[in-house]
Amino acid sequence: MGNGNSREGKESRRSRLKQKLQRFRTHRLHLRTRFSSRNAALVVNQRAVTVDDFSGIALLTLIGADMKFKDKWLACVSFGEQTFRTEISDTTEKPIWNSEKKLLLEKNGPSLARVSVFETNRLSRNKIVGYCELDIFDFVVQEPESACKSFDLLDPASSNVVGTVFLSCAIEDPVETEKRFAKRILSVVDYNEDGQLSFSEFSDLIRAFGNLVAANKKEELFRAADLNGDGVVSIDELAALLALQQEKEPIINSCPVCGESLQPTDKLNAMIHMTLCFDEGTGNQVMTGGFLTDRQASYGWMFKLSEWTHLSTYDVGLNTGSSASHIVVIDRKTKRLVEELIDSKIVLSMRAIYQSKIGLRLMDQGAKEILQKLSEKQGKKMNSVESAQKIPSFLEFFKDQINMAEVKYPLQHFKTFNEFFIRELKPGARPIAHMNRDDVAVCAADCRLMAFQSVEDSTRFWIKGRKFSIRGLLGKDVNPNAFLDGSLVIFRLAPQDYHRFHVPVSGVIEKFVDVSGSLYTVNPIAVNSKYCNVFTENKRTVAIISTSEFGKVAFVAIGATMVGSISFVRKEGDHLKKGDELGYFSFGGSTVICVFEKNSIRLDEELLANSGRSLETLVSVGMQLGVSTRTFTGSP
């Protein structure tokens, strides 16, 4: 993974980075005074950046690669909720891209970038061949800024090395960004590149700012900027003018590079926006943006045609499950958007059934019984010895989403597909957050999670069935009073996930209650449908757990299409520690819902924020879910 330097060299680079960060911390009060962002309206990556969050700008350059076989290649860089792509390389075995992109760094934002390399010999969908991941900050600490470093490209299916990619990265801290801002703005219209603006160049810049009032008094502004009266405006003079006008009457209404409207009173986010837009003049290609995932960025012209005709769409938020043809979720660990793999024919059939009155009318006229029989038949089939033959193709389809290194037993151990489906993991594969604190609840499954502080929020942002209620979810044999208006967490398991579920809290199992029902799919396409009520109509088992820290917690395991059974490995009266295994689902997708008593838990803010955008969060067993409000005294 690259050529290492001496320990002394690494220490000196680490010291330099620490000095930069220290310099930024002492400068932060100055930034806060100058950049008032309390009323920020400019959105960078869907939200305004605050002074405390802004950590700098990274310039990542994808130089090229050395592949083990010949083809034509393109590369994608995914960082947070954005993905960028290079052009297709003309060379075959050693592609050269020389493509760059600026990345916004935030204190609590993403730092892990993923580089994916695709071969481009298909019309509709290019094939991922290898990938690598790098932490931007670690990259800079380990290597001199802007130095080229090599990374092994790993096959998503086998983790074998398939090539090497060459990158460079430089980080500009907030102090440097502010210092260079005026120079960047000046260079946009500095046609003769002499480092200063004539009146003509100054006039073009003022017009590019999109402020008609300022444009009408450009002569006055030029005289105010030309402090020494030499007939030109220098970088320092332009910086002084921008700072003065920010306090008096902001003159930047739009970005002079891309033309996008900016919020004049929010200088920090305006500066960040223009810095990200600015071409540094390196001569490198700038990567193409506007993509959510590397899979979307890699698609060929056939997909672009289908997107143009509205047959295929990418989106996050409310429409993801109901109308988009691709399900996009956010990975909590990497803070990166990822695409959920699902066969396109299945998507079309689910939309036909669950997003129309006609489809659900067919369900009412006998299709429910068909689904039940189909699930039972498929369950028996997946328990046959012959079903083991399906395991390799299953792993190939989900090759970058199943980590066999975590699985307790080798592949040859599994005699049927269902044995593999309910596979166990190695001890320690899923660390439990704050294991010694029972007031911290944890995630119950490897899944896509939606968290809501109230049931009302869940129906506003996610569950669109008209008859959903806590009473309906728990069934007639469970007293719902303790859970009315409580907090709700939905753990949706996809077929590729580890399918054993665990208790999110420590406590005693009071009772199990089986609730009969249908076997609708738990895919967001059905959950977002206003025509059916997946969670209150599907077969499910309710476990009531009594705890000291959260009161009673209802743990609801919900079956789905192709899920033949819900199995529990604990019994009533058992004392459980959070993170202990509680049971498993057999073949298919499935869901767990946990209902907490009202005001008993403070769910983690990032989970609530994503759910408020109708965006599922990809989590693992044991990750922190929330903290008991009965004992909460601060962040754990």
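Where pLDDT is low, the predicted coordinates should not be read in detail. This is a predicted model, in which local features need pLDDT of at least 70 and side-chain atom pairs count only at pLDDT 80 or more, while totals for chains, interfaces and linings use all residues. Residues are numbered from 1 along each chain as its sequence is written, and side-chain values use heavy atoms, with hydrogens and water left out.

**Confidence**
- The protein chain has a mean pLDDT of 81, and 75% of its residues reach 70 or more.
- Confidence in the chain is lowest in helix H11 (residues 319-322), with a mean of 43, and highest in strand S15 (residues 440-442), at 98.
- Residues 1-7 have pLDDT below 50, and this stretch has 11 contacts in the model beyond near neighbours in sequence.

**Overall make-up**
- The secondary structure comes to 20 helices and 28 strands, where helices (H or I, at least four residues) and strands (E, at least two) are DSSP runs numbered from the N terminus.
- Of the 636 residues in the protein chain, 53% are buried; buried means under 20% relative accessible area, exposed means over 50%, and partly exposed lies in between, with a 1.4 Å probe and protein chains only.
- Among contacts between residues at least 6 apart in sequence, 71% join residues at least 24 apart.

**Nonpolar cores**
- A nonpolar core is a set of buried Ala, Val, Leu, Ile, Met, Phe, Trp, Tyr and Cys residues joined through side-chain atoms within 4.5 Å, and the largest one has 33 residues, with Leu 449, Val 489, Phe 491, Phe 501, Phe 555, Phe 596 and Leu 625 having the most contacts inside it.
- Among the elements that give two or more residues to this core are strand S16 (447-452), strand S17 (487-493), strand S21 (552-558) and helix H20 (605-612).
- Phe 555 touches residues including Phe 501, Pro 504, Ile 545, Leu 582 and Val 592, not counting residues up to four places away in sequence.
- A second, separate core of 32 residues includes Phe 202, Leu 221, Leu 241 and Met 274.

**Helices**
- The axes of helix H3 (residues 174-189) and helix H7 (residues 235-248), lines fitted to C-alpha atoms over the stretch in contact, with angles from 0 to 180 degrees between N-to-C directions, come within 9 Å and cross at roughly 105°.
- On the H3 side the contact is made by Phe 181, Ala 182, Lys 183, Ile 185 and Leu 186, and on the H7 side by Ile 235, Leu 238, Ala 239 and Leu 242.
- Helix H8 (residues 267-277) has 9 of its 11 residues buried, so H8 is largely enclosed by the rest of the structure, and Met 274 is one of these buried residues.

**Individual residues**
- Asn 599, in the loop between S25 and S26, has a phi near 60°, a positive value in a residue other than glycine, and counts as exposed at 59% relative accessibility.
- Ser 614 also has a phi near 60°, but Ser 614 is buried, with a relative accessible area of 5%.
- Ser 168 is found in strand S8 (residues 161-172), and the C-alpha atoms of Ser 168 and Ala 147, 21 residues apart along the chain, are separated by 5.5 Å.

Definitions and conventions. Contact = heavy atoms within 4.5 Å. pLDDT = per-residue confidence, 0-100.
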